[in-house]
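Me: I am new to reading protein structures. Can you take me through one, feature by feature?

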Amino acid sequence: MTRSSGPPAALAGLGLLTGSLTVHADGEPERLPVWLAGVRSGELPGGWALDDGVGLLFRGKRLDRAVSSRPGAGAQRVDAIAGELVRTRVEPELLLGDGPAKALGGLDEAVEELRRVHRMRRGIGRGGG
């Protein structure tokens, strides 16, 4: 799923792995329902939904590990079977460290600021929301 402006829409990926992917599942609430509907209808193959700060590491075509820079963030494997969604949560390993995110006041604050800018550009959440 992608969106540079306007509503979320499907976009062809690189094709290195089979399936589909949506990111920012918890940070951009309009994305996940569109992606889930695409998987349910068969427009998109089953795949992965990742919260902000979550990454997946594959070895070959097999998921090796999930990692997150944020406590509580997660990933889901989602497939459609007979038109019904089967969702399996994946708990990522929390990465800890004193890297650049800490020096900048925290990655979460930077991500939230970016979201505010995007909402303002789209005309959503004016008035402090």
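**Reading the model step by step**

Reply: Start with a loop. Ala82 lies in the loop between strand 5 and strand 6. Keep in mind that this is a predicted model.

Me: Is Ala82 buried or exposed?

Reply: Relative accessible area decides that, and exposed means over 50%. Ala82 has 80%, so Ala82 is exposed. Look at the backbone as well. The phi of Ala82 is near 55°, a positive value in a residue other than glycine.

Me: In which sense do strand 2 and strand 5 pair?

Reply: Compare the strand directions, then count the bridges. Strand 2 (residues 47-50) and strand 5 (residues 75-81) pair in the antiparallel sense, over four bridges. For one example, take Trp48: its bridge partner in strand 5 is Arg77.

Me: How should I think about side chains along a strand?

Reply: In a regular strand, side chains alternate between the two faces of the sheet. Now try another pair of strands. Strand 3 (residues 54-59) and strand 4 pair in the antiparallel sense over six bridges. Gly55 stands opposite Val67 in strand 4.

Me: How many residues lie between the strands in the hairpin of strand 3 and strand 4?

Reply: There are two residues between them. In this hairpin, Gly60 takes a positive phi near 65°.

Me: Back to Val67. Is Val67 buried or exposed?

Reply: Buried means under 20% relative accessible area. Val67 has 19%, so Val67 counts as buried. Val67 belongs to strand 4 (residues 62-68).

Me: Which residues does Val67 touch, leaving out those up to four places away in sequence?

Reply: Val67 touches Gly53, Val54, Gly55, Pro92, Glu93 and Leu95. Compare sequence distance with distance in space, too. Val67 and Glu91 are 24 residues apart in sequence, while their C-alpha atoms are 8.3 Å apart.

Me: What about charged side chains?

Reply: Side chains of opposite charge can pair when their charged atoms come close. This structure holds seven salt bridges. One of them joins Asp79 and Arg77, with the closest N and O atoms 2.8 Å apart. Arg77 is partly exposed at 24% relative accessibility. Asp79 is partly exposed as well, at 26%.

Me: Which salt bridge partner does Glu93 have?

Reply: Glu93 forms a salt bridge with Arg65, and their closest N and O atoms are 2.9 Å apart. This pair links distant parts of the chain. Glu93 is in strand 7 (residues 93-94) and Arg65 in strand 4, 28 residues apart. Glu93 is partly exposed at 41%, and Arg65 is partly exposed at 35%.

Me: Which residues are linked with Arg62 in a network of salt bridges?

Reply: Arg59 and Asp64 are linked with Arg62 in that network. The side chains of Asp64 and Arg59 meet at 3.3 Å, N to O. Arg59 is exposed at 53% relative accessibility, whereas Asp64 is partly exposed at 31%.

Me: Last one. Which residues form a nonpolar patch on the surface?

Reply: Leu14, Leu16 and Leu17 form the patch. Together they have about 360 Å² of accessible area. Leu16 is placed in the segment before strand 1. Its relative accessible area is 66%, so Leu16 is exposed.

Definitions and conventions: Residues are numbered from 1 along each chain as its sequence is written. This is a predicted model: local features need pLDDT of at least 70, side-chain atom pairs count only at pLDDT 80 or more; totals for chains, interfaces and linings use all residues. Side-chain values use heavy atoms; hydrogens and water are left out. Two strands pair if DSSP finds at least two bridges between them. Buried means under 20% relative accessible area, exposed over 50%, partly exposed in between (1.4 Å probe, protein chains only). Contact means heavy atoms within 4.5 Å. Patches are made of residues with over 30% relative accessible area and no salt bridge: like charges are joined within 9 Å, nonpolar side chains (Val, Leu, Ile, Met, Phe, Trp, Tyr) within 5 Å. Accessible areas come from the Shrake-Rupley method with a 1.4 Å probe; for residues, only the protein chains shown count as cover. A salt bridge is a side-chain nitrogen of Lys or Arg within 4 Å of a carboxyl oxygen of Asp or Glu.
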